[in-house]
Every structure is written in structure tokens, then in C-alpha cells.
Amino acid sequence: MVGMFIMAVLEFFHHRFEARARLADEEEEKPTGPGEEKEMATLETYGNPVQSSYRAMDMPSIQAKEPPKIDKGIKAKQRNAILVEGSILIHSVLIGFDLGLQTEKNWITLIIAISFHQFFEGFAVGQIVLDAQFGFWKKVAMISFYSLTTSVGICIGIGTYLGNGGDSGETQSVLITIGVIDAICGGLLLFAGMSVFWTEWYVNNHEHHIADSLFQPAIGFLGVAMGMAIMAVIGIWA
């Protein structure tokens with residue numbers, strides 16, 4: 001994870017240096033006199049292609065002023081959002097189920113770890129749903145499912161625990177099944193988060209590459225680093 005983070009930072013600065021260099025070249029090539037401006041206008045009049053400004057390129061952005069048309073890019077975002085949402089829902093049911101099977105002495109540490117986990121995961125779900133630009137009711141449904149699935153898993157776990165007469169029923173086969181499903185869901189979330197959303201929102205974000213300030217990307221990368229550290233610490237008790 002640390003190596004992946006370092007490579008993402010290096011790739012971001014590579015794209016930023018390239019973009020800033022192209023902007024500097026454009027500034028030097030701007031027409032400085034009436035003759036050059038007239039020549040550019042003549043080229044446009046006769047249908048000759050004139051390269052538009054690199055700063056004004058229509059690049060994907062999560063800060064679009066108007067909702068774009070439903071094109072292939074938006075559909076891809078919606079597919080990714082549904083994939084991530086499904087993985088999160090399964091993952092949330094499983095961790096809730098595991099919590100419901102625990103005895104009272106294990107509840108305090110686990111409830112703290114799960115609360116932090118779900119809290120920060122909620123920010124990611126909200127951003128992903130907004131970025132996919134679903135309709136109003138789809139947004140409501142996806143957020144509602146996320147809010148309820150952990151509680152549903154806890155209820156199932158408690159019901160299983162009480163139905164077994166106080167025995168958690170965590171046999172080896174049950175633990176292996178939960179572990180395999182959890183690993184698959186975790187892998188899907190890790191791939192989507194690091195390879196799709198983080199790359200699109202920060203590493204390959206054209207607006208961040210040409211911006212004069214590094215404040216927003218710095219906050220984003222710092223948030224990712226803090227999230228990794230927090231989850232690593234929480235993992236001690238989870």
C-alpha cells in the first residue's frame with residue numbers, strides 16, 4: 001500500500017509538470033501583434049483546424065458546472081458505482097453478522113472499530129454515488145441500503161447466537177466461508193478505490209494538473225495517507 005501511494009504521488013507530479021510545461025509553451029506562442037491575430041482568424045475562417053487551448057480542454061472532472069449528457073463515461077462511472085456499492089453491502093452484512101455473534105466482552109473494541117470503518121466508508125460511498133450522477137431515487141436507495149445493511153447483519157448474527165443457545169456457531173467452515181467472501185469484497189473495494197476512483201479524482205485529474213495551487217490535491221493525498229494509517233491501527237483490534 002505504501003509503494004502504491006508513493007507511485008500515485010509520483011505519477012501525479014509527472015502529469016502536473018507536463019501540463020504546466022504545455023501551458024508555459026502556449027503562453028509563449030500566443031499572438032503578440034495584430035498581424036498574427038489576423039492570420040489566426042484567417043485560418044479559422046477557411047476551416048483549417050486550430051488547436052484549442054490546453055487549459056480549456058474538455059477533460060473529465062467531478063467538479064462539472066452542469067450535469068453532462070449520459071455518455072459512455074457516465075455509464076462507466078455508474079457501473080463502477082454499482083459494483084462498489086454491491087461489494088460494500090455484502091461486506092457490511094458480513095461484518096455486522098460477525099459482530100452479532102460476539103460475546104459481550106468483545107463488543108466494545110469491535111463496535112469502535114466498525115463505527116470508524118463505516119463512518120469513513122460512508123464519505124466514499126456518498127462521493128461515488130454523486131459522481132455517478134444517478135437519479136434522485138437511485139441515490140436515496142443506494143444510501144439507504146448502505147445505512148441499513150450493517151444493522152441487518154448484526155440482527156442476523158444476534159438471532160443466530162440466541163438460536164444456538166449462546167453458542168456463536170463459528171465453526172471452521174463458517175469462518176472460512178466468511179473470510180473468503182470478505183476477501184473478495186475487500187479486493188473489489190481496494191481495486192475500485194485505488195485504481196479507478198483515486199486515479200480519476202486526483203492522479204489523472206486535469207484540473208489539478210493545471211491549477212496554480214496544490215492545496216486540493218495535497219488534502220486528497222493526505223486524506224488517503226491518514227485513512228491508511230487509521231485503518232491499519234484499527235486493524236489491531238478488529
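Good morning. I begin with Ser92, which lies in helix 3 (residues 72-100); helices here are DSSP runs of H or I with at least four residues, strands are runs of E with at least two, and both are numbered from the N terminus. The model is predicted, so local features need pLDDT of at least 70 and side-chain atom pairs count only at pLDDT 80 or more, whereas totals for chains, interfaces and linings use all residues. Residues are numbered from 1 along each chain as its sequence is written, and side-chain values use heavy atoms, with hydrogens and water left out.

Is Ser92 buried or exposed? Ser92 counts as buried because its relative accessibility is 0%; the cut-offs are under 20% relative accessible area for buried, over 50% for exposed and partly exposed in between, with a 1.4 Å probe and protein chains only. Setting aside neighbours within four places in sequence, Ser92 is in contact with Gln118, Glu121, Tyr146, Thr149 and Thr150, where contact means heavy atoms within 4.5 Å.

Gln118 belongs to helix 4. With a relative accessible area of 13%, Gln118 is also buried. Not counting residues up to four places away in sequence, Gln118 touches Ser92, Ile95, Tyr146 and Thr150.

Let me place these residues in the whole chain. The chain has eight helices and zero strands, and its elements run α-α-α-α-α-α-α-α from the N terminus on. Of the 238 residues, 28% are buried. Among contacts with a separation of 6 or more, 80% are between residues 24 or more positions apart.

I turn now to helix packing. Two packed helices are described by the angle between their axes and the distance between the axes. How do helix 4 and helix 5 cross, and at what angle? The axes of helix 4 (residues 104-132) and helix 5 (residues 136-163) come within 10 Å and cross at roughly 160°. Helix 4 is therefore roughly antiparallel to helix 5. Axes are lines fitted to C-alpha atoms, for helices over the stretch in contact, with angles from 0 to 180 degrees between N-to-C directions. Angles under 35 degrees count as roughly parallel, over 145 as roughly antiparallel, 65 to 115 as roughly perpendicular and the rest as oblique.

On the helix 4 side, the contact includes Trp107, Ile114, Gln118, Glu121 and Gly122; on the helix 5 side, Tyr146 and Thr150 are among the residues. The contact residues divide into 10 nonpolar, four polar and two charged. In this division, Ala, Val, Leu, Ile, Met, Phe, Trp, Tyr, Cys and Pro are nonpolar, Asp, Glu, Lys and Arg are charged, and the others, Gly among them, are polar.

Between helix 4 and helix 5, the loop contains Gln133. Gln133 has a positive phi of about 55° although it is not a glycine. At 25% relative accessibility, Gln133 counts as partly exposed.

Met194, Trp198, Tyr202 and Val203 in helix 6 meet Gln216, Pro217, Gly220, Phe221, Val224 and Met228 in helix 8. That contact divides into eight nonpolar, two polar and no charged residues.

Finally, the aromatic rings. Rings of Phe, Tyr and Trp (its six-membered ring) pair if their centres lie within 6.5 Å; planes under 30 degrees apart count as stacked, over 60 as edge-to-face and the rest as tilted. By this rule there are nine aromatic pairs. One of them joins Phe12 and Phe13 edge-to-face, at 5.3 Å centre to centre and 75° between the planes. Phe12 counts as buried at 1% relative accessibility, whereas Phe13, at 29%, counts as partly exposed. Trp198 and Phe221 also pair edge-to-face, at 5.6 Å and 65°. This pair links distant parts of the chain, with Trp198 in helix 6 (residues 172-203) and Phe221 in helix 8 (residues 215-234), 23 residues apart. Trp198 is buried at 5% relative accessibility, and Phe221 is buried at 8%. Phe5, Phe12, Phe13, Phe17, Trp198, Tyr202 and Phe221 form one aromatic cluster.
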